[in-house]
2 protein chains.
Amino acid sequence: LNTAVLGWDVGGANVKAARLDEVDGVPRVAERPFALWREPEGLWGVLAEVAASLGGPPQRMGVTMTAELADCFASKRRGVAFVLDALRRAFPRSRLWVYGVDGRFRSEEAARRKPLRVAAANWMASATLVAEAWPNALFVDVGSTTSDVIPIVGGLVAAGGRSDSARLRRGELVYTGALRTPVCAVVRRLPWRGRRCRVAAELFAIAADVHLWLGSIGESDYTCETPDGRGRSREEAGARLARMVGADLESLDAEAVTAMAECVARAQGRQIAAAIRQVMRRLGARRPPLAVLAGRGRFLARAAADAAGLPSGEADALLGPGGAAAPAVAVARLLARGPRTWR
Amino acid sequence: LNTAVLGWDVGGANVKAARLDEVDGVPRVAERPFALWREPEGLWGVLAEVAASLGGPPQRMGVTMTAELADCFASKRRGVAFVLDALRRAFPRSRLWVYGVDGRFRSEEAARRKPLRVAAANWMASATLVAEAWPNALFVDVGSTTSDVIPIVGGLVAAGGRSDSARLRRGELVYTGALRTPVCAVVRRLPWRGRRCRVAAELFAIAADVHLWLGSIGESDYTCETPDGRGRSREEAGARLARMVGADLESLDAEAVTAMAECVARAQGRQIAAAIRQVMRRLGARRPPLAVLAGRGRFLARAAADAAGLPSGEADALLGPGGAAAPAVAVARLLARGPRTWR
């Protein structure tokens with residue numbers, strides 16, 4: 001009896017997969033950073049490689065995606081079609097079930113007919129799974145690029161928005177993360193010898209440089225490309241941060257770089273905390289009593305939950321180690337349970 | 001008698017040159033967008049081409065640069081040396097005079113000994129020239145990427161900062177411009193159907209998309225690369241702007257895109273106006289009575305000067321048409337006047 005299931009989270013900068021060999025078993029996870037916008041035609045090959053690293057393509061696959069927003073696609077509609085084409089090409093013999101923002105799986109054909117229903121639905125998969133264990137919680141998943149802040153009330157996902165735009169307005173999606181976020185998108189000014197200095201509006205440094213410098217992540221966690229193509233050492237990260245104020249490591253000492261990095265990390269925490277507060281405000285008396293954290297930026301999620309006065313826990317047993325590939329694990333678990341009311 | 005002089009402004013994203021065949025003549029200007037950070041080894045070839053387009057390399061060349069901050073260089077020191085090497089390779093028979101932040105020309109050899117003196121000195125060349133015609137003025141040069149706000153008092157350049165960092169702190173350098181500035185570095189939120197929406201921290205759209213959409217620039221002014229590699233039509237620019245709020249042109253109408261673009265343009269104007277006010281505050285009673293505008297983002301400079309309550313004029317006769325290559329013209333004019341106290 002072949003019960004194996006592969007869950008996919010196909011993003012614009014990362015491809016993640018989770019394999020489940022038994023219902024409610026322990027998932028095996030694989031992740032591959034991939035700059036889709038630069039070489040979209042390479043996607044199907046990456047999908048095939050990732051599946052191979054998890055023992056080859058099983059008969060059933062669950063799919064979520066956010067890649068359709070990548071700017072190699074003229075519209076989201078075209079992006080969804082492209083991702084489905086790539087999956088089809090990589091796995092001609094597998095049956096694809098595509099998860100939608102309405103919390104249902106669709107056949108590949110049905111997904112192609114309603115592409116916007118399956119765009120950016122990965123958060124819904126994770127939150128649906130979390131809701132089973134924590135019927136009243138705020139699910140906070142801080143990834144490499146974005147943060148999801150999803151309320152769960154009475155065992156149901158109580159998100160107010162379904163599209164990226166609607167979620168960005170409501171604070172349920174925040175474009176800040178542990179790795180890829182450009183420093184110039186987080187702060188306008190940085191501390192400099194006790195004063196404040198405007199920053200360069202260039203992609204000189206990213207969040208990964210900040211958190212590597214501060215020791216919140218290690219070199220092996222810095223899985224995205226470096227902005228300048230140089231290495232991932234602490235010194236190289238520091239040089240990138242110094243460039244944000246038009247300086248270099250000849251003119252800026254380590255203490256000054258640390259002050260800058262701390263300023264960015266705090267600002268990211270505030271961005272997420274503000275979103276948490278916005279979501280909680282909307283819920284009024286139904287607001288959940290705790291936060292469930294996931295993602296490689298959990299240290300940011302925890303700081304934000306603390307700042308918002310919310311106790312927090314983790315869901316590793318459910319979502320896999322660190323919850324770093326929570327949507328892929330979630331979509332695998334949900335599909336593995338077998339038939340429901342799928343469209 | 002060979003009086004021809006070529007002035008260079010070697011930036012990280014643009015190479016500009018101005019040729020002067022007679023002292024105080026009318027300059028001929030050439031510009032070439034060039035992503036130095038991506039292929040630094042191509043610089044010398046670009047320099048040679050630009051010089052050829054202006055009648056070939058003359059015996060004397062004046063040089064300013066900002067390219068040394070590009071992140072293909074580990075430090076500014078190395079960046080300066082690299083640019084000088086490229087000039088030397090492109091023009092083995094020309095004599096180079098390198099302009100410094102102290103307002104003096106140096107021989108190539110002297111510049112190599114003091115690289116930080118000749119780093120990011122292009123604003124000093126323009127302001128020195130402007131000071132001759134307007135002894136009390138605020139020189140505001142808004143380029144593709146950055147804005148310079150330089151006070152001129154009693155015929156002298158009265159800038160408080162000499163390095164990029166010092167200038168960023170004082171408001172004499174603002175990283176906002178008419179073309180290359182990422183939208184996510186300007187605004188945190190954009191209007192969306194009467195409400196405010198968080199923006200994507202991605203390089204989905206840049207200032208050129210904003211100003212093209214609004215008609216402040218035309219397609220031929222959009223000289224930098226587009227973020228998504230697509231075209232420069234109004235519709236393509238609009239699609240890039242829509243992506244900033246996770247939308248596309250299927251879900252956002254033209255009116256909504258206009259509201260977003262106007263919000264970004266206003267925010268850029270405010271950034272420059274705040275810098276103008278900061279510079280003016282420092283000058284106290286010595287504050288100049290008018291602004292002299294230059295650069296391809298003059299429309300932003302004018303809006304900012306208006307907002308700061310400063311009447312403004314232009315310096316086309318002095319700095320060339322539109323002042324779009326002001327530092328190259330300035331360094332050519334200053335060098336053409338012949339020997340001074342050069343080091």
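Tutor: Let's begin with aromatic pairs: rings of Phe, Tyr and Trp (its six-membered ring) pair if their centres lie within 6.5 Å, and planes under 30 degrees apart count as stacked, over 60 as edge-to-face and the rest as tilted. The whole structure has 6 such pairs over all chains. This is a predicted model, where local features need pLDDT of at least 70, side-chain atom pairs need 80 or more, and totals for chains, interfaces and linings use all residues. Side-chain values use heavy atoms, without hydrogens and water, residues count from 1 along each chain as written, and chains are lettered from A and ligands numbered from 1 in written order.

Student: Why is the pair of Y99(A) and F105(A) called edge-to-face?

Tutor: The ring centres of Y99(A) and F105(A) are 5.1 Å apart and the planes stand at 70 degrees, so the pair is edge-to-face. Both residues are also buried (under 20% relative accessible area, with exposed over 50% and partly exposed in between, using a 1.4 Å probe and protein chains only).

Student: What makes the charged end of R234(A) sit over the ring of W213(A)?

Tutor: The rule asks for NZ of Lys or CZ of Arg within 6 Å of the ring centre and within 35 degrees of the ring normal. The charged end of R234(A) sits over the W213(A) ring, 3.8 Å from its centre. In chain B, the charged end of R243(B) sits over the ring of F204(B), at 5.8 Å from the centre.
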